[in-house]
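Please read the points below alongside the sequence and the model.

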Amino acid sequence: MKFSAIVSLLIVGGASAYSVASRSSLRSLGTKSIPTTSNGRRPGASMRMEDFGLFKGTGIGFEDLWDGNDVISEVGMEKALNKEGLRYRLNKTKEEADAVGNMYDLPGMTVNLPIIGETYIGPPKVESIWEALGFTATSNNEARQNEKLKAIAKAREAKVGVKGGPGAVIRKAWLDKYGYPRLVGSGGIFYADQLSSDKEPMGGFNMGKSGNIWPVPKIVEYGNYGGPKGWGMKARGDKAIDGLSKASDGKGDAEKKK
């Protein structure tokens, strides 16, 4: 009985009516409905959002800054991220959700409601009730893991510093002083979060060091200590995040002493 009640709540909670926000729809947010006058003019239609059009064309007006920008809309952001295969707010992409199908194969339907428009009523497209409740939901799909690997490589191979800093040539000095290459000016360091859903160890700061607080996910344990992301990284000759700046070897990693 409890399970049925939870499923019923999820079915109701699965109702959605998403559409990408437009300039015209955003203007109507927060406005009060006013009865139509005899001449058909709607006072609310002349309302402007945010800056009332006063800064239009100045470079700092609402339309100048946000027109066509996906970040103004959560739906727009989700669709933009989904195009890259990335999830938004832990939710599966549309393709991932369609592949999984409705939770427990429960029925759902799409109806066209007044004012709201096309609306889906039914269970969420997730693998289990625990994912629907958020306990096992994650943004760490394969596309996100690939982005983490790209960021690790970019930080490790950086030759130009953030904000125009000198880059890799100052990494050794900062490593000696701080124990890590810092971010501003050195080309950066990227922390790849280590999650149980990773297909390969991400290594955190990727400095070839080891240590953990018990318990850790199996994939993190595998990468630790003598594994591919712990001490074993340097033992095998793999490049750690600080591998570019440890010595003046003529490769441009550090300035030669005159």
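1. In this note, a residue is called buried when its relative accessible area is under 20%, exposed when it is over 50%, and partly exposed in between, with a 1.4 Å probe and protein chains only. This is a predicted model, in which local features need pLDDT of at least 70 and side-chain atom pairs count only at pLDDT 80 or more, whereas totals for chains, interfaces and linings use all residues. Residues are numbered from 1 along each chain as its sequence is written, and side-chain values use heavy atoms, with hydrogens and water left out.

2. A salt bridge is taken here as a side-chain nitrogen of Lys or Arg within 4 Å of a carboxyl oxygen of Asp or Glu, and a search of the whole structure returns 12 salt bridges. Helices (H or I, at least four residues) and strands (E, at least two) are DSSP runs that are numbered from the N terminus.

3. One of the salt bridges brings together the side chains of R89 and E74, with an N to O distance of 2.8 Å. Because R89 sits in the loop between α4 (74-83) and α5 (94-100) while E74 belongs to helix α4, the pair ties together parts that are 15 residues apart in sequence. R89 counts as exposed, at 57% relative accessibility, and E74 is partly exposed, at 46%.

4. A further salt bridge is formed by E96 and R87, whose closest N and O atoms are 2.8 Å apart. Here E96 is partly exposed, with a relative accessible area of 22%, whereas R87 counts as buried at 15%.

5. K125 and D98 also form a salt bridge, the closest N and O atoms being 3.0 Å apart. This pair links distant parts of the chain, since K125 is in the loop between β2 (117-121) and α6 (129-132) and D98 is in helix α5, 27 residues apart. K125 is partly exposed, with 33% relative accessibility, and D98 is likewise partly exposed, with 39%.

6. How many bridges join strand β1 to β2? Two strands are said to pair if DSSP finds at least two bridges between them; here 5 bridges join β1 (residues 109-113) to β2, and the two strands run antiparallel. Within this pairing, V111 stands opposite T119 in β2. The hairpin of β1 and β2 has 3 residues between the strands, and in this hairpin I115 takes a positive phi near 70°.
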